[in-house]
Every structure is written in C-alpha cells, then in structure tokens.
Amino acid sequence: MDWPRLIETPRLQLRDMRAGDAQDVFDAYASDPEVLRYLGWRQHESVEDTRQRISYDIHRWMKGSAWVWGLSLKAPHPQAGRVFGQIELAPMSFPSDEAHHLRLGYLMSSRYWGQGLMAEAVRAVLAVAFAHAHVWRVDALCDVDNVYSMAMLARIGMPCEGRLRRALSHPNVSHQPRDAWVHALSRDDWLTRLQQAGPATSAALACADQSR
Ligand SMILES: CC(C)(COP(=O)(O)OP(=O)(O)OC[C@H]1O[C@@H](n2cnc3c(N)ncnc32)[C@H](O)[C@@H]1OP(=O)(O)O)[C@@H](O)C(=O)NCCC(=O)NCCS
C-alpha cells in the first residue's frame, strides 16, 4: 500500500515521524500521564524512550505494519512545524499491503484539545485510506471512559457499533484489560457521504490525500 508521507489540512500538516522530533514529542505528549491515560503506552521517562518509540514507528512504516504521521500546525502559527500529536493507521487484515480493514489510533498534547484539530486530522486520514480501493473498513477502539475520544469520533460521523469486553490494555488505568467502544466507518458509508456532500466537497474530500 502506498501512503503519502505528507498530508495537509486547513490548519495542519501530517508527516512521517523523524528521529529529530523526539524532544518535541517527549515535551508535548509522551511524558504527560493525562494524555497517555487511555493508551497502551507507558509514560516516557526520558527523551531516549521517545527516540526509541519513534524509531519503532519508522520501522513499522517501512515494514507496512503501521503508518504513523506526526501532527504539526501550519505557518504562521508560532509553533508551526513542531510535532504536538500523532495519528496512525494499522492493517487489521492480511495481506497487510492490501488490507481491507484498518485501525486508527491518535493522541495529542492536551494544550490543543477541544479545538477540533484531531477531527480535522482523522477526516484527512480517512480520505487517504478510502482512496485505496481495497479498503472497506476503518475503525477505532476507545476505552469506555474516554469521553473526549468518543465525542470526537461521534462528531466526525464514525458511529459506535458496540462494546468489546476486555479488549484493551490500558496499564495507566488498570492492570486488568478494559472494555472498549468500537467506532467504525465502512466504504459504503464513505461513498454515501461523498455523494451527499455534492460535487465540490466531494472532490475536496476525495483529493484530501495531497501526497508529495
Ligand atoms: C481524544 C483526542 C484526540 C480528541 O482530540 P480533540 O482535537 O481535542 O477533539 P475535539 O476538539 O473534537 O474534542 C472532542 C470532545 O472533547 C471535548 N474536550 C476536549 N478537551 C476538553 C477539555 N480540556 N475540557 C472539556 N472538554 C474537552 C470537546 O469539547 C469535544 O466534545 P464535544 O464534541 O461534545 O464538544 C484528545 O482528547 C487526546 O489526544 N486525548 C488523549 C489521547 C487519547 O485518548 N487518544 C485516543 C485513544 S482512543
């Protein structure tokens, strides 16, 4: 599967992660227990932990086991270019380079919560995903207590399909596996949405993958 290393939205740049992002990622979210609460990650103790995580993500991209984009604001924002969050897609069916089912994951610095930024990033990544004709389902699992994530998924029109019992490991909340809500969008939903959006929006949505 061919994935763009750069995706642009009105306010954001999504680009592949680099070793040089480690300090920004550590400061913005990898060292913040509030951000990591409902994730499988442990809080990073040092920038070295973050460097290792980024090299793992770079390796996953090369192997095709996940595609991770760092989020940064566009100029003229004073923090432009500095990674403050990330979003990923991982194949959930095989062969992974033709996976029909992808899973979304995302997190970002609490400094930027509540501004609709992740919704903007998710919409762009969905457009890139469904631009691949073999992609039929994109879903996201979130902890049953992660209200911000549920609200964001509902707002962008990824309906909740139900509750998965003991599906996620969130060691920052509990040592026992946690229940999760599964939110999903199918290719059928996506195509209906494109048709309803009308020609101009539809073209914009379909072309949101501004691969470079
Ligand atoms: C989940 C997350 C990505 C949402 O991103 P976001 O850009 O803040 O999303 P939105 O701006 O669309 O806000 C989502 C909801 O949370 C609410 N919210 C966000 N931050 C808030 C805050 N500090 N106080 C109160 N409400 C807040 C928003 O009002 C919104 O609810 P609404 O749709 O009912 O108005 C972000 O909260 C995050 O990174 N959380 C930590 C990591 C995480 O949990 N990742 C998801 C794992 S499934």
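These legends describe close-up views of one predicted model. Residues carry numbers from 1 along each chain, in the order its sequence is written. Because the model is predicted, local features need pLDDT of at least 70 and side-chain atom pairs count only at pLDDT 80 or more, while totals for chains, interfaces and linings use all residues.

**Figure 1. The shell around the ligand.**
The ligand is surrounded by 20 residues. The closest are Trp 113, Gly 114, Met 118, Cys 142 and Ala 151. Strand S5 (101-108), helix H4 (117-130) and helix H5 (147-155) each give at least two residues to the shell. Helices (H or I, at least four residues) and strands (E, at least two) are DSSP runs, numbered from the N terminus. H5 supplies the largest share, with 5 residues. By class, the shell holds 14 nonpolar, 5 polar and 1 charged residues. Nonpolar here means Ala, Val, Leu, Ile, Met, Phe, Trp, Tyr, Cys and Pro; Asp, Glu, Lys and Arg count as charged, and the others, Gly among them, as polar.

**Figure 2**
Strand S2 (residues 12-16) pairs with S3 in the antiparallel sense, over 5 bridges. Two strands pair if DSSP finds at least two bridges between them. Gln 13 has Ser 72 as its bridge partner in S3. Strand S3 (residues 67-73) is also joined to S4 by 5 bridges, and these two run antiparallel. Here Gly 70 is partnered by Gln 86 of S4. S4 in turn pairs with S5 over 7 bridges, again in the antiparallel sense. In S5, Gln 86 finds its bridge partner in Leu 107.

**Figure 2. Cover over S3 and S4.**
S3 is mostly covered, with 6 of its 7 residues buried. A residue is buried if 20 or more other C-beta atoms lie within 10 Å of its own, exposed if 12 or fewer, and partly exposed in between; C-beta atoms are placed from the backbone. Strand S4 (residues 85-91) is mostly covered too, with 5 of its 7 residues buried.

Helix H3 (residues 47-63) has 17 residues. From first C-alpha to last it reaches 24 Å, close to the 24 Å expected at 1.5 Å a residue. The expected span is 1.5 Å times one less than the number of residues. Thr 50, Ile 54 and Asp 57 are the buried residues of H3. Seen down the axis of H3, they fall within an arc of 55°, so they line one face of the helix. The arc is that of the directions from the helix axis to the C-beta atoms. An α-helix has 3.6 residues a turn, so residues three or four places apart point the same way. The face turned away from the buried side carries the exposed residues Glu 48, His 59, Met 62 and Lys 63. Helix H1 (22-30) and S3 are among the elements that cover the buried residues. After H3 comes Gly 64, with a positive phi near 80°.

**Figure 3. Ala 28 in helix H1.**
Ala 28 lies in helix H1. Ala 28 counts as buried because it has 27 C-beta neighbours inside 10 Å. Leaving out residues up to four places away in sequence, Ala 28 touches Val 83, Phe 84 and Ser 109. Contact means C-beta atoms, placed from the backbone, within 7 Å. Arg 111 is 83 residues from Ala 28 along the chain, yet their C-alpha atoms are separated by 8.2 Å.

**Figure 4. Two cis peptide bonds.**
The peptide bond from Ala 75 to Pro 76 is cis, with omega near 15°. Pro 76 sits in the loop between S3 and S4. Phe 94 and Pro 95 are also joined by a cis peptide bond, with omega about 0°. Pro 95 sits in the loop between S4 and S5.

Arg 166 is found in strand S7 (residues 160-168). Its phi is positive, about 55°, although Arg 166 is not a glycine. Arg 166 is exposed, with 10 other C-beta atoms within 10 Å. Gln 195 belongs to helix H6 (residues 187-206). Gln 195 is likewise exposed, with 10 other C-beta atoms within 10 Å. Gln 195 and Ser 55 are 140 residues apart in sequence and, C-alpha to C-alpha, 40 Å apart in space.

Note on methods:
Near = placed C-beta within 6 Å. Contact = placed C-beta atoms within 7 Å.
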